[in-house]
Amino acid sequence: MMPERETLYSLPVYQVHQDPFLSYTEELHSSRIPLIIDNGSYQCRAGWAIEDKPSLVFRNLVAKHRGKKESETQVGNDIKNIEVVRWLLKTQFDRNVVTQFDVQETVFDYIFNHLGINTQGCVDHPIVLTEAACNPNHSRQLMSELLFECYNVPQVAYGIDSLFSFYYYNTKPKGLFGLVVSLGYSASHILPVVRSRFDVRNAKRINVGSQHMINLLQRLLQLKYPAHASVITPSRAECLMHEHMHFSQSYMEDVRKWEDESYSKKNTHIVQLP
């Protein structure tokens, strides 16, 4: 029998497509349809409440180029290569709490411009905005101040993205019990739901998220392959985690499986660096 050929994986080329400038129809303008903004520390998603999918999905990052007469600010999908401008990147988040509201204002401008909102001096739509679990009052106060005073929005509702999802898939009106495990980019949360209400007192926050997993994976690969340390970038480590990660249901049982040589050979992924 001929030996089986090993599968060789390649890293996909990092490509982004600039977000289009959408049309702001008369129906949207006159009906004051709510605007949904999922303001995550990794990705931002924005769109109208009548749509099944968000109109805009982009990395929640801002890059401001210096040294020019007119500094150019790029947001989200305008950044073609993150690694080239990584030292210029800014985020409005400290872990998953918004603290840099000048950056947040730039992101809001990007959202409203690309959604085509052209009303003079205001965004005349109610806004549903996600925030961190147990968000500090000071952060929420500054966010409300930004939305009401800078954009003159009529109404704002805040919520937690994972609880929105939980209530969407569990429509039982009363007596609902559950445990929501939210694995975020910069932190993870365990959120109990008791009789259809979020039990804030027993919620737990763990300061470990996918960002820390990516950093750990990058560092481990650089230590194992020092000759390739310069090409094992955070973006490539992130791609490896997204494409090849496996969630273990029973960690010790999976570790014992790797003692079997045939299992190890079958499940080892060989990746070709560019």
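This section describes the sheets, a helix pair and the pockets of a predicted model.

The five-stranded sheet is open, with the strand order S4-S3-S2-S10-S11 and mixed pairing. Its edges are formed by strand S4 (56-59) and strand S11 (156-159), each of which pairs on one side only. Neighbouring strands of this sheet are turned against each other by 15° on average, direction ignored. Within the sheet, strand S2 (residues 35-39) and strand S10 (residues 127-130) are joined in the parallel sense over three bridges. In this pairing, Ile36 stands opposite Val128 of S10. Helix H4 (residues 161-169) packs on the sheet and touches S2, S10 and S11. The direction of H4 makes about 110° with that of S10.

When residues up to four places away in sequence are not counted, Val156 touches Ile127, Leu147 and Phe148. Between Val156 and Pro234 there are 36 Å in space, C-alpha to C-alpha, and the two residues are 78 residues apart in sequence.

A second open sheet is made of three strands in the order S6-S5-S7, and the pairing is antiparallel. Strand S6 (73-75) and strand S7 (89-90) are the edge strands of this sheet, each pairing on one side only. Strand S5 (residues 62-64) is joined to S7 by two bridges, and these strands run antiparallel. Here Ala63 has Leu89 of S7 as its bridge partner.

Antiparallel pairing is also found between strand S12 (residues 178-183) and strand S13 (residues 188-194), where the pair extends over six bridges. The two strands form a hairpin, with four residues between S12 and S13.

Helix H5 (residues 210-224) and helix H6 (residues 234-244) form a packed pair whose axes come within 9 Å and cross at roughly 110°. Because crossing angles of 65 to 115 degrees count as roughly perpendicular, H5 is roughly perpendicular to H6. On the H5 side, the contact is made by Ser210, Met213, Ile214, Leu217, Gln218 and Leu221. The H6 side contributes Pro234, Ala237, Glu238, Leu240 and Met241. By class, the residues of this contact comprise eight nonpolar, two polar and one charged.

Both helices also take part in the lining of the largest pocket, which holds about 1,500 Å³ of space. This pocket is lined by 30 residues, and those closest to its centre are Leu217, Leu221, His244, Met245 and His269. Two of these central residues, Leu217 and Leu221, also belong to the H5 side of the contact with H6. The elements that give two or more residues to the lining are H5, H6, helix H7 (251-257), helix H8 (261-267) and strand S16 (270-272). Of the elements, H5 gives the most to this lining, with six residues. By class, the lining has 20 nonpolar, seven polar and three charged residues.

The second largest pocket holds about 760 Å³ of space. A total of 38 residues line this pocket, and the closest to its centre are Gly40, Ser41, Asp161, Gly184 and Tyr185. Helix H3 (residues 137-150) gives the most to the lining, with three residues. The lining of the second largest pocket divides into 18 nonpolar, 15 polar and five charged residues.

Technical notes. Residues are numbered from 1 along each chain as its sequence is written. This is a predicted model: local features need pLDDT of at least 70, side-chain atom pairs count only at pLDDT 80 or more; totals for chains, interfaces and linings use all residues. Side-chain values use heavy atoms; hydrogens and water are left out. Axes are lines fitted to C-alpha atoms, for helices over the stretch in contact, and angles run from 0 to 180 degrees between N-to-C directions. Angles under 35 degrees count as roughly parallel, over 145 as roughly antiparallel, 65 to 115 as roughly perpendicular and the rest as oblique. Contact means heavy atoms within 4.5 Å. Ala, Val, Leu, Ile, Met, Phe, Trp, Tyr, Cys and Pro count as nonpolar, Asp, Glu, Lys and Arg as charged, and the others, Gly among them, as polar. Two strands pair if DSSP finds at least two bridges between them. On a 1 Å grid over the protein atoms alone, a cavity is a set of points where a 1.4 Å probe fits but cannot get out, and a pocket is an open set with protein on both sides within 12 Å along at least five of seven lines; lining residues have an atom within 4 Å of a point. Grid points are joined across faces, edges and corners, and a volume is the space filled by probe spheres set on the points.
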